[in-house]
Amino acid sequence: MLPREVMEKAQKDFLNYNNMGAGLIEISHRSSEFEQVLSDCDSLLKELATIPDNYKILYMHGGAQMQFSAVPLNLLNLSPSKTASYIETGTWGVKARKECSHFGNSLTLASGAETGFTEIPEIDPSTVDPESAYVHITSNNTLYGTRWTALPDFGDIPLVADMTSEFLSRKIDINRFGLIFAGLQKNLGPAGLAVVIIRDDLLGSAMSQTPALLNYKTCFDSHSLANTTNTFAIYMMSLVLGWLKREGGVDLVEARNESKAKILYEVIDDSDLYLGVSRPKDRSAMNVTFNLQNQELLSPFIEQAASCGLYALKGHRDVGGVRASIYNAMPIEGCEALAQFMLDFEKKNF
Ligand code: PMP
């Protein structure tokens, strides 16, 4: 969900943006009005995520998965053997590694597959191939409800992180990364675009076959306007960032996110019916996953929850069970309502 006040503002602006007598999606991406939206979005993001000056912000088409191709196309040239290493903590990490194999040598440095991706694997950084152009991680695993707490350190080898399902939900030190990308659709706005934050020394090494629209340098040089961008998505993102700033920024939202998740994990831990999917020390604050002891109760749980206004709880088809995605815009009351429903459901049925 997106913040209600953002949705209402967008609705109000839709037919008449800034008293122009036209909506934002009707005007040129090169108009001064849209350029203002873009630069507002840049400055809000820079402030909220504390992005140092040597990192650049790009808005790119194709959502998060397009970055699975863009990252190797732009960075593999940094390795003499065109090698990159991937830590697979879920389906998205596996997909990213497979995509890289079209362009070079993609290695699995570690995988959580053996535990069904319910744990973040232990890493010995000395085992990384020293020729790796980068090491790719998925910082929050949307399907399984796990997240990295301590980041691995590979010295001079840049860390690349897919932060799609947690960007701006907790404080991170951007300096620890060579590149971060996130599809907009969880904490930032509508689907279809990704935001990329790249350290400037990593710009300009793209492989010769890189399509212009996937080339980070082309994107940077054109201020993400190499072609007609999705102006509406960037406008929505700027509204979401404005909301986040008014809420008190990432620090405050992080504290709220931790409290929201705790409400649900406490119910799971005290219950005989609900079983948490992820290892407690790796638990995500964005995606709370659990199963039911009695599988026959799963469908009634999802159906009855929906009839109480608690939607989209069905776990991903690869994992099953229940997944409560409680992104930044989910109010604490939403988690309290789900917790109460879980307690009542257990009492009535188990
Ligand atoms: N990475 C992660 C961590 C995700 O959660 C998702 C989507 N849920 C993706 C990648 C894929 O995003 P997209 O559909 O924008 O390609």
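This is a predicted model: local features need pLDDT of at least 70, side-chain atom pairs count only at pLDDT 80 or more; totals for chains, interfaces and linings use all residues.
## Before we start: what an axis is

An axis here is a line fitted to C-alpha atoms, taken for helices over the stretch in contact, and the angle between two axes runs from 0 to 180 degrees between N-to-C directions.

Helix α6 covers residues 231-246 and helix α7 covers residues 249-270; their axes come within 7 Å and cross at roughly 80°. Angles from 65 to 115 degrees count as roughly perpendicular, so α6 is roughly perpendicular to α7.

Which residues meet where these helices touch? From α6 come W243, L244 and K245, and on the α7 side they meet G249, V250, V253 and R256.

## The seven-stranded sheet

Now look for an open sheet of seven strands, with mixed pairing and the order β1-β9-β8-β7-β4-β2-β3. The edges are held by β1 (55-61) and β3 (105-111); each has a single partner strand, so one side of each is left without a neighbour in the sheet. On average, neighbouring strands of this sheet are turned by 20° against each other, with direction ignored.

Zoom in on one pair. Strand β2 (residues 83-88) and strand β4 (residues 132-138) pair in the parallel sense, over three bridges. To find your place, look for Y86, which stands opposite H136 in β4.

## Around the ligand

For Q65, a backbone N or O atom lies 2.8 Å from an oxygen atom of the ligand. For T142, a polar side-chain atom lies 2.5 Å from a ligand oxygen atom. For D162, an N or O atom in the side chain is 2.7 Å from a nitrogen atom of the ligand. How much of the ligand does the protein bury? Taken alone, the ligand exposes 400 Å², and the protein buries 86% of that.

## The three-stranded sheet

There is another open sheet to find, made of three strands in the order β10-β11-β12 with antiparallel pairing. Its edge strands are β10 (274-276) and β12 (322-325), each pairing on one side only. From one strand to the next, the twist averages 35°.

Strand β11 (residues 287-292) runs antiparallel to β12, and four bridges join them. One landmark is N287, whose bridge partner in β12 is S325.

Finally, follow helix α9 (residues 332-349): α9 lies across β10, β11 and β12, running at about 130° to β10.

Notes. Residues are numbered from 1 along each chain as its sequence is written. Side-chain values use heavy atoms; hydrogens and water are left out. Two strands pair if DSSP finds at least two bridges between them. Helices (H or I, at least four residues) and strands (E, at least two) are DSSP runs, numbered from the N terminus. A polar contact is a pair of N or O atoms within 3.5 Å; within protein, one must be able to donate a hydrogen and the other to accept it, and residues adjacent in sequence count only if both atoms are side-chain atoms. Accessible areas come from the Shrake-Rupley method with a 1.4 Å probe; for residues, only the protein chains shown count as cover. Angles under 35 degrees count as roughly parallel, over 145 as roughly antiparallel, 65 to 115 as roughly perpendicular and the rest as oblique. Contact means heavy atoms within 4.5 Å.
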